[in-house]
Amino acid sequence: MADMTAVAMPKWGLEMTEGTVVKVHVAVGDEVTKGQTIMDIETEKIANEFEAEASGVIKKIIVNEGDTKVIGELLAIIGPADASDADVDEFEGSYVSVAVGRVEATSTAAPAAAPAPAAPAASSAPASDDGSVKASPPAKRLARKLGVDIAQVTGTGRGGRISADDVQAFADAGGAAPAAEEAPAAAPAPAAGGEVRATPGAKRLAKELGIDLATVAGSGRGGRISKEDVEAAAAGGGGAGSYGSTPVTAEAAPAAPAQVIPGDNAVTVETMNNMRKTIAKRLTESKQNVPHFYLTVDVEIDNLLARRAKYNKANGTKASVNDFIIRAAGLALKAVPKANVQFHGDELHYFENADISIAVAIDGGLITPIVRAANLKSVAQIADEVKDLAARARENKLKLDEIQGGSFSISNLGMFGIKHFDAVINPPQGAILAVGAGEERLVAKNGAAAVATVMTVTMSCDHRAIDGALGAEFLASFKELLEEPLALVI
Amino acid sequence: MPVMTYREAVTEALTIEMNRDETVVIMGEDVAGGAGGSSGVRDNQSGIWGTYPQFHAKYGENRFIDTPISEAAIVAAAAGAALTGLRPIAEIMFADFMGYCLDQIQNQAAKFRYMFGGTAETPMVVRTAYGAGLSAAAQHSQCMYSQITHIPGIKVAVPSKPADAKGLMLTAIRDNDPVIFFEHKALMAATGEVPEGDEGIPFGEAAMYREGDDCTVVAIGRMVHFAETAIDSLAGEGITCDLVDPRTTSPLDEETILESVEHTGRLVVVDESNPRCSVASDIAGIVASKAFSALKAPIEIITSAHSPVPFSPVLEQAYLPSVDEITAAIRKTQD
């Protein structure tokens, strides 16, 4: 048996799958030597001589001239002269072809044109369509399932391609035919029996908080509910309850039957711009680090108002009360020089002149341009400068040296009707003056009631640089200048 | 609809574009051939896969060019021709030879548009035969599309069926970017229905050859056929599957794959590539990171063995994925 050699259809070339035996040059019983041509075989591409791979006697020829055989199929058997017929039959019976590419027979050789015709209940070949609507296959499947006309759906994918999510969204918005066979599995609306799609974390949290997942809107793919969605639902629900007092539709006609109060309070998120961030940072630092204390005086400004009117008439100017206040503060700082101070850790810096920062409200914030040497400038000069600085402040056109420095600030909220307030110091300045509105008030003069126009000012002082007595001294000087304003205009 | 072989479908696409656009040219080793044979008649070869019958007679030497045996020269010439106004189709006889021309593909063609700030285009197609199953042995049976898919700037098509071969080839030739077009050598004789006309199949759009509910099978190239057999054999067990054929690995239709997994909850990926850094592992990674919560079972990845391709037919069959392996994997996802 070991001496038997199989003569099998050879594989010539990569693509050969079968060959035709054109001529057989030997007969049973012939002795052949290795290398001797025993057959002529033709393939699709070539015709060639087929040589014996071993020496011996042709014991059996299994193929006829003209037969076509698959590669590896047995064509003949070569064996020793004394091998019996039984041996030959046994060899033939046990021969196994090591044919290559046989798998093609089941997977590709059979026409792939008919997808699964023999398996009716199995994975179906997708229903064919004219391909005119650009949609992913799962999208088409979902559209069929939900009864959605896919041609109506707007695709959000590349080149307007429709995804399953697009189809689901369309159906959720009411685009599905009423005769849809089953509830869409991914619908975020209260699901009758269908499972609500939510992450495990969301499910756990909802259970903890006692929230019905069916009432939660999912923000994930296909409407899946995440933990964040559950948290938002919980916060929204609680929030609406506590706000309660401001129903959105308060102005609606009372006859309207159902007043719709939103379950949650819509929020518009605005990122802080650099100016706001800077203000926030500096003021927080100031409040945290500077030991503020506050001194308040009331100033009677009837004289000031009269003086202002005369001054403006005489000079053709339009100086405001605040311009006079700036001049007064400048002169007062000159009169009480120890109040004209900046704090610098171990050092206190005292200045020759009064550089006063004026708080100007601008779009989205606040900025403090500086009137330099207010003690040396006339009210008219101060008025012009403030007007120019304020205008440029609103246009964001201030130069750096116009906002850096100063030892004292003035903030005036009088035009808004504020009676009194406490301002926050701008470090490293030593103090800031908060000016309220001038209003007619009842005052006592020499034991009798009188009416005067009174303005309340509050000085915030940095206790590291200015003590109570010093602050009070400043305010006394300031008040005197304002109440006897001739000094301001000389 | 006409039925034809994969090879004939490719020929049809080439013919349509060669007729339509005279800037389309074809170059490769032995595409015309025959000049050295005893008959002396050019176009004796029609290319080693027989995909260019009569092209030499029809289109002439200027548009149908036999090249020297130098993949670097072939692809470099094609890339240069593409840059200067032609639409060349270069043939690299076996995908295994990519090494010789990889610089031209990866560093040149793939980068021209980007590095020249959009002022250059490389509308080149490189056709190549890949895959095992015909005892072509270790240096003539590799897949190579995984390595090429990795390269940004290159589009990669791996059609499994004759209709896809035609449609994708039309799109590839018309595309203004370099496309590497992988044709499985064991699929050349496979038959299928092929639509008439000249409509191309867009890149980045997968086909779904089966629909079901229990498992998603994503298969590449010849493995699509194996997967079809596997899926159909599970009908009796009541297991139905989605079969997604991406058709192009770059761009990849992630959306269809992810949506199918969201529907079925289970994934089997079948790829003839070797296991490390394959398109299979790429797809599995994408699904695991983008559809993790949809998965109800671990992803099953089926690839060839991490081995050179054996010459022995028995070992080659053991090397390749089998229908049985696929069926077993699908069943495993149902546990």
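Ala8(A) stands opposite Leu74(A) in β8(A). The model is predicted, with local features requiring pLDDT of at least 70 and side-chain atom pairs pLDDT 80 or more, while totals for chains, interfaces and linings use all residues. Residues are numbered from 1 along each chain as its sequence is written, and chains are lettered from A and ligands numbered from 1 in the order in which they are written.

Helix α1 (residues 85-94) of chain A packs on the sheet and touches β6 (56-61) and β8 of chain A, its direction making about 140° with that of β8(A). Contact means C-beta atoms, placed from the backbone, within 7 Å; angles run from 0 to 180 degrees between N-to-C directions. The sheet is open, with 4 strands in the order β1-β8-β6-β3 (chain A) and antiparallel pairing. Pairing requires at least two DSSP bridges; helices (H or I, at least four residues) and strands (E, at least two) are DSSP runs.

| Element (chain A) | Residues |
|---|---|
| β1, edge strand | 5-8 |
| β3, edge strand | 31-32 |

β1(A) pairs with β8 (residues 74-79) of chain A over 4 bridges.

Leu488(A) touches residues including Phe324(A), Val379(A) and Leu481(A).

How values were computed. Contact = placed C-beta atoms within 7 Å. Lists of a residue's contacts leave out its neighbours within four places in sequence.
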